[in-house]
Amino acid sequence: MQQMILKSPLVVAEKKQLAKNDIRLKVSRKENFFDLKFLIRHPMETGRRIDKINNKLVPKDYIASLSVSINDKVVFDSHLSRSVSKNPFMHLKVQKLFAGDIIKVNWIDNKNKVYKYKKTINEI
Amino acid sequence: MFKKNIQKFFLNKHSFPLESFIHSGLIFSNDSMEQYNSIMDFPPFQDHIDRGEKLFYKKIFNNKSLSSCLKIEENKNFKYPKFDTKKLKIITLEHQINLCLAELNHKKWKHNDPFTMGSVMAFIKSKNKGKTLIVDLPHVALDNFNNGKELYFKRIGKMNLACSSCHLLNSGKFFRDEQLSPTIGQPNHYPIFRKAEQYYSIQMRYQLCMKSVGAEPYELNSKELNQLEFFHSFISSGIPINGGVYRR
Amino acid sequence: MMKFTLTRRSFIKRLSLYYFCLFPFQTNFSYAHQNIKKFFEYTNKEKLFDDLSFSNLDLNNDKNINLKTPDIAENGSIVPIQIESFIDGEQTFYLFSSKNENPLTSIYHFHENMVPFVSTRLKLQESSKLHVFIKFNSNIVHAANDIEVTIGGCGEETIG
C-alpha cells in the first residue's frame, strides 16, 4: 500500500475562531428542582479596552438582555450590562420540567440584534 | 531519597495531605478554592477541551489516531514526562504527541498553540484526572535530572531569584498579592487557562516566571526547560494529576 | 367578485399577531420597565438608588436573602456571585457594584416555575460593596457583601 506523506495538516483544528454567540446549555435533575446552566460565548466588551494591535479602543459590545422561556412561556428575563463577565454564565433553577418541554433562550445585544436558541428536553 | 526529603519538607511546612498539593496555591485559601470550584463547574474554556477530545480520537492515517498511538488510557498511572532510555532523552507529553503525529504522517504542532497542542494537552490531562503522576528515574537519566535540579536552584535575572527562592523557601508567603505556591504538585495540574482563557503549559509558565524576574527565557522544548520539567515532575511524583484548569 | 369579510374578532386577532411578531420580548417585566435601560447609564450610586426608590431603606442584610460572594476576588473580571432568596412568588433582583463606573450591573426577574436563584459572574472594578435589592409585590429587601478586588476587571485586559 502506498504511504502518503501529508504536507499539509489533515487534522486542522475545527473552528480556530471561537464563535461568538455560541451557547452551551445543560439541564440536570436535582432533588427538588432542575439545574439550568448555560454559557454564551461573547466578548462583553466594556468599551474601555485598547486593542494592542491597532492601539484603538474596542467599542462596546455586550449582551443587553436575555430571557428564558419554557414551552413559549417566559419564566425568566434579565437585563445585563458590560459589568457582566466575558462569556456570560448563568445558573438558574427551574421548579418543574418534563420530557418534551422546549426551553428557549433568547438574547439581544447592545446593537439590538436578536439571537435565539432552542432545546427540547428529552429524558429528565 | 531527594524526592522523599523535599516532599517531607513541604508536608511539615504546610500541614496538608500529599494529594491536596495538586491544587497548588489554592490550598491556602478556602475562598480561592471556592472561586476555582465555581468556575470549574462550567468553565469558559470548555471549548478547548472538547476540541482536544475530537483531535485526540480522530483517525488520521491508516485508521490510527493519537489515542491509539499514545495509549495513555491503558496506564493506571500518568507517566509523563519520561526518560527514553534508548534515545537517551527526556520525552514530555507535547514531544510525544509530535512523535505520534510524525508516525501518522502528519505535520508537527507548535507547543504553544492553544487550538491544536493546547487543546489535546488540556483534554488528556482532564480525562486522566485523578491518576497518580509517576516519573521514573533510571540511572542513565541522572545527568539530566541533576541539570534540572541545578536549574531549579539557580538564581537568574535582574531580580536574582531562583525557583527555590519563592516556591521552596517562601511558599505560603505573599509576594505582592499572590500567595506563593509550593513546588511539589505544580506540574501536576498543568496546562492551565489563566483568567479562564489564556492557555499556558508548564514550560510556557516557566518562561513567564523567567521574564518576570528579568531573565531571558529558554525556548520551549529546549534541553533546559525539558530538564527542569523532568526534575520538577519527578519530585512531584505520587501526587495526582488534573489539567485544563482555571487559574487567576 | 370575492367576498372578504373581516369580523371584529378576527381583526383584533390579526392585530395582536402582528404586535407579537414585532415585539417578541414584551413580557410583564420589560413592558412595565420601558425605561429600565437608562438606569444602566447612571454613574452616581446615590442618585441611582433614589430614582429606583431604593433610598431610605434598611440597608442591613435581610434574612430572606442568601448572598454568596468571595471575600477576595481572585480576578476582578470574573467574580462568581450567587443570590438565593427565600421569598415566594414573582420577584426581581437588582444587583449593584458600588464602585463600577455604572453601578447597576444587572436585573433578574423570576416568574412562576423558577426558583428565585441565580449564580453568575460579574466584573468588579475595585474593592467595593455588592448590593442586591429584591422587589416583590410592593416590598423591597436588601443584602450586601464587601468584596476585595486586587486586579480590577473593567479596564484594559492583558490577554494577548
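Author: What follows takes up a chain, an interface, a sheet, a helix pair and a single residue.
Author: This is a predicted model, in which local features need pLDDT of at least 70 and side-chain atom pairs count only at pLDDT 80 or more, while totals for chains, interfaces and linings use all residues. Residues are numbered from 1 along each chain as its sequence is written, and chains are lettered from A and ligands numbered from 1 in the order in which they are written.

Reader: How many helices and strands does chain C have, and in what order do the elements run?

Author: Helices (H or I, at least four residues) and strands (E, at least two) are DSSP runs, numbered from the N terminus. Chain C has 4 helices and 8 strands, and from the N terminus its elements run α-α-α-α-β-β-β-β-β-β-β-β. A residue is buried if 20 or more other C-beta atoms lie within 10 Å of its own, exposed if 12 or fewer, and partly exposed in between, with C-beta atoms placed from the backbone; of the 160 residues in chain C, 38% are buried.

Reader: Which elements of chain C touch chain A?

Author: Two residues are in contact if their C-beta atoms, placed from the backbone, lie within 7 Å. By that rule, 33 residues of chain C are in contact with 28 residues of chain A. The elements giving two or more residues to this side of chain C are α2 (28-32), β5 (104-110) and β6 (114-122), and β6(C) provides the largest share, 8 residues. Classes are assigned by residue type: Ala, Val, Leu, Ile, Met, Phe, Trp, Tyr, Cys and Pro count as nonpolar, Asp, Glu, Lys and Arg as charged, and the others, Gly among them, as polar. On the side of chain C that touches chain A there are 15 nonpolar, 14 polar and 4 charged residues.

Reader: In what sense do β6 of chain A and β5(C) pair?

Author: Two strands pair if DSSP finds at least two bridges between them. Strand β6 of chain A (residues 73-79) and β5(C) are paired in the antiparallel sense over 4 bridges, with Ser78(A) opposite Tyr108(C).

Reader: In what order do the strands of the open sheet in chain B lie?

Author: The order of its 3 strands is β8-β7-β9, with mixed pairing. Because β8 (198-200) and β9 (245-247) of chain B each have a single partner strand, they stand at the edges, and one side of each is left without a neighbour in the sheet. Strand β7 (residues 192-194) of chain B pairs with β9(B) in the parallel sense over 3 bridges, where Ile192(B) has Val245(B) as its bridge partner.

Reader: At what angle do helices α5 and α6 of chain B pack?

Author: Two packed helices are described by the angle between their axes and the distance between the axes. Axes are lines fitted to C-alpha atoms, for helices over the stretch in contact, and angles run from 0 to 180 degrees between N-to-C directions. Helix α5 (residues 93-103) and helix α6 (residues 117-127) of chain B pack at about 115 degrees, with their axes 11 Å apart. This makes α5(B) roughly perpendicular to α6(B), a word used for angles of 65 to 115 degrees, whereas under 35 counts as roughly parallel, over 145 as roughly antiparallel and the rest as oblique. Leu93(B), Glu94(B) and Ile97(B) in α5(B) meet Met117(B), Val120(B), Met121(B) and Ile124(B) in α6(B).

Reader: Is Asn98(B) buried, exposed or partly exposed?

Author: Asn98(B), in helix α5 of chain B, is partly exposed because 19 other C-beta atoms lie within 10 Å. Leaving aside neighbours within four places in sequence, Asn98(B) is in contact with Lys108(B) and Trp109(B).
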